[in-house]
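Please look through the model below with these notes beside you.

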Amino acid sequence: MLLFLDTANIEEIKEIATWGVLDGVTTNPSLVGKEGKEFKRLVKDICKIVSGPVSAEVVSTDTEAMIKEGRDIATWAENVVIKCPLTAPGLAATKALHRDGIKVNVTLCFSVNQAILAARAGATFVSPFVGRLDDINEDGMALVEQIVEVFHIHGLTTKVLAASIRTPLHVTRAALAGADIATIPYKVFKQLVSHPLTDKGLAAFLSDWDKASQSFAGSSAQTSNPRS
Ligand code: G3P
């Protein structure tokens, strides 16, 4: 499963990019709005930091305007992906942009039938929103599992991009569900690497090393101690 960061914050992207595990970035109008920066400049800056797919969402709502906007955004960087909402105009725009050879991430997906439509429209990615279904007492991850199964049965090549991820367990479950990608908020991404037993074990290793290194300090056989 590929790991995308769900943010438009440059500093968050730069930090996680240093880990060597960042495969892409997704943004949306709310995330972009939080940054208070000019959209085109921000997207181009993000696309310079991350070589993988960077999703930038259209804000038009009618087909022709979405197509026009998507074709413009597609010129901003080689790795930009156009996000269109899962609406009838959004599907029509996806079809047209796909025909242009432009990659589309169809977003705001909340049902298997919507995902099938996105795939048939030529979407490169479809984004089922897990957390927002959980919020209304539905099983968001079950939707991911069902989409993965249907796409496998019918040989649909659209990538399932699990979105609206709220917890580390969502990431685990998305991987178990067979999602191609999980797009993860910065706070959750940081939680993925942390475990109290890792911290405790490392502290114990280094403490034992430091005690032992005192005993062989000064011996002729001593090699340099990286911790001295
Ligand atoms: O990319 C979609 C994601 O940002 C939505 O997440 O937490 O606002 O449902 P959330």
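1. A pocket is an open set of grid points with protein on both sides within 12 Å along at least five of seven lines, and a molecule sits in a pocket if more than half of its atoms lie within 2 Å of the grid points of that pocket. In this structure, which is a predicted model, the ligand sits in the largest pocket.

2. Around the ligand you will find Asp6, Asn28, Leu31, Lys83, Phe129, Arg132, Ser164 and Arg166. Sorted by class, this shell is made up of four charged residues, two polar residues and two nonpolar residues.

3. Three of these side chains deserve a careful look, with the distances in mind. An N or O atom in the side chain of Asp6 lies 2.5 Å from an oxygen atom of the ligand, while for the side chain of Arg166 the corresponding distance to a ligand oxygen is 2.9 Å, and for that of Lys83 it is 3.2 Å. On its own the ligand has 310 Å² of accessible area, of which the protein covers 82%.

4. How is the chain divided into domains? Domain 1 takes in residues 2-193, and domain 2 takes in residues 196-228. The centres of domain 1 and domain 2, taken over C-alpha atoms, are separated by 45 Å.

Notes. Residues are numbered from 1 along each chain as its sequence is written. This is a predicted model: local features need pLDDT of at least 70, side-chain atom pairs count only at pLDDT 80 or more; totals for chains, interfaces and linings use all residues. Side-chain values use heavy atoms; hydrogens and water are left out. A residue is near a molecule or strand if one of its heavy atoms lies within 4 Å of it. A polar contact is a pair of N or O atoms within 3.5 Å; within protein, one must be able to donate a hydrogen and the other to accept it, and residues adjacent in sequence count only if both atoms are side-chain atoms. Accessible areas come from the Shrake-Rupley method with a 1.4 Å probe; for residues, only the protein chains shown count as cover. On a 1 Å grid over the protein atoms alone, a cavity is a set of points where a 1.4 Å probe fits but cannot get out, and a pocket is an open set with protein on both sides within 12 Å along at least five of seven lines; lining residues have an atom within 4 Å of a point. Ala, Val, Leu, Ile, Met, Phe, Trp, Tyr, Cys and Pro count as nonpolar, Asp, Glu, Lys and Arg as charged, and the others, Gly among them, as polar. Domain bounds come from an automatic or database domain assignment.
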